[in-house]
Amino acid sequence: MTTRKSRILLCAAAAALSGGLMAAPAAQAQSPALPAAEQSTGHITAQAASGNYTYLEFKKGSNPQNSRLYFVYVQGSNPDHPRIHTLGSWRAGSGNGSKDTCASNAGWLPNGSYSIKAYYPRHNGGPHGVNGIAWYLGNHKCHSGGWRTDLFVHSEMLPNGKAGSSEPYRWDGDSDYKSNGCIKLKPSDIRALRDLQASHPNPHTLYVH
């Protein structure tokens, strides 16, 4: 990868700071891995008492740039018999190809649960930062005890959601699924995710496994 291209692998700390976000607490704990979205049942009971809700789920594939992100809707008014609907599924990447979850700015995301701290319809991370439609995940501890920081779900676009004329604001193909660890979708897919959220409860949790 060229130096120019490496600069567009988003998720640097400056991206989060430019959005006015605070780092996650240093004592954040990692949750265990979870089953796939279409089979998920074990982690819904605690939330079901509040009724219907949604969550995101990132299921790792054999290729870090060809994994899947799911939008899952749970009708949980009856905690003993919740109804689970996978409403959206998209190809997603995480990292630059490394499967080392502790490789800062390179590996894909560590397994566990992530609190979705903020949703931005027009995030402005500045030059070479995270721009446009984005969900901020904060920081997460990897298996070595180190921290992966300033993580997002995002794409490549201008802050207003439109395509730019050059990198890192224009999606050019499969190579753009690479990132510094964040989850990346192509622009049409992240818009589909945004539209699903608009007509359902906001997701507050991302499960990675």
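Leaving aside its neighbours within four places in sequence, which residues is Thr101 in contact with?

**Entry 1: ground rules.** I am working with a predicted model, in which local features need pLDDT of at least 70 and side-chain atom pairs count only at pLDDT 80 or more, whereas totals for chains, interfaces and linings use all residues. Residues are numbered from 1 along each chain as its sequence is written, and side-chain values use heavy atoms, with hydrogens and water left out.

**Entry 2: Thr101.** I looked up the contacts of Thr101 first, taking contact to mean heavy atoms within 4.5 Å. Beyond its neighbours within four places in sequence, Thr101 is in contact with Lys60, Trp108, Leu109, Pro110, Cys142, His143 and Arg148. I place Thr101 in the loop between strand 3 and strand 4, where helices (H or I, at least four residues) and strands (E, at least two) are DSSP runs numbered from the N terminus. For exposure I use relative accessible area with a 1.4 Å probe and protein chains only: buried is under 20%, exposed is over 50%, and partly exposed is in between. Thr101 has a relative accessible area of 12%, so it is buried.

**Entry 3: the disulfide.** I then turned to the cysteines, counting as a disulfide a pair of cysteine sulfur atoms within 2.5 Å. The structure holds one disulfide, formed by Cys102 and Cys142 with their sulfur atoms 2.0 Å apart. This pair links distant parts of the chain, 40 residues apart: Cys102 is in the loop between strand 3 (83-94) and strand 4 (112-115), and Cys142 is in the loop between strand 6 (131-141) and strand 7 (147-154). The torsion about the S-S bond of Cys102 and Cys142 is about 115°, so I note the disulfide as right-handed. Cys102 is partly exposed at a relative accessible area of 21%, whereas Cys142 counts as buried at 3%.

Entry 4: What is the order of the nine strands in the open sheet? I read it as 4-9-1-2-3-8-7-6-5, with mixed pairing; two strands pair if DSSP finds at least two bridges between them. Strand 4 and strand 5 stand at the edges with a single partner strand each, so one side of each is left without a neighbour in the sheet.

Going through the pairs, I find that strand 1 and strand 2 (residues 67-75) are antiparallel over seven bridges, and that Leu56 has Phe71 in strand 2 as its bridge partner. Strand 1 also runs parallel to strand 9 (residues 205-208), with three bridges joining them, and here Glu57 stands opposite Tyr207. Strand 2 is joined to strand 3 by nine bridges in the antiparallel sense, with Phe71 opposite Gly88 in strand 3. Strand 3 is in turn joined to strand 8 (residues 183-184) by two antiparallel bridges, and the partner of Ser94 in strand 8 is Ile183. Strand 5 and strand 6 pair in the antiparallel sense over five bridges, with Trp135 in strand 6 as the bridge partner of Tyr119.

Is strand 1 enclosed or open? Six of the seven residues of strand 1 (residues 53-59) are buried, so I record this strand as largely enclosed by the rest of the structure.

**Entry 5: helix 4.** The twelve residues of helix 4 (residues 187-198) should span 16 Å, and the end C-alpha atoms are 17 Å apart, which agrees. In this helix, Pro187, Asp189, Ile190, Leu193, Leu196 and Gln197 are buried; what covers the buried residues includes strand 1, strand 2, strand 3, strand 5 (118-124), strand 6 and strand 7.

**Entry 6: backbone exceptions.** Most residues other than glycine have a negative phi, and most peptide bonds are trans. Asn105, which is not a glycine, has a positive phi of about 60°; it is in the loop between strand 3 and strand 4, and it is partly exposed with a relative accessible area of 43%. Asp150, also not a glycine, has a positive phi of about 55°, but Asp150 is found in strand 7 and is buried at a relative accessible area of 8%. Finally, I noted that the peptide bond from Glu167 to Pro168 is cis, with omega near 0°, and that Pro168 lies in the loop between strand 7 and strand 8.

Notes:
Expected span 1.5 Å × (residues − 1).
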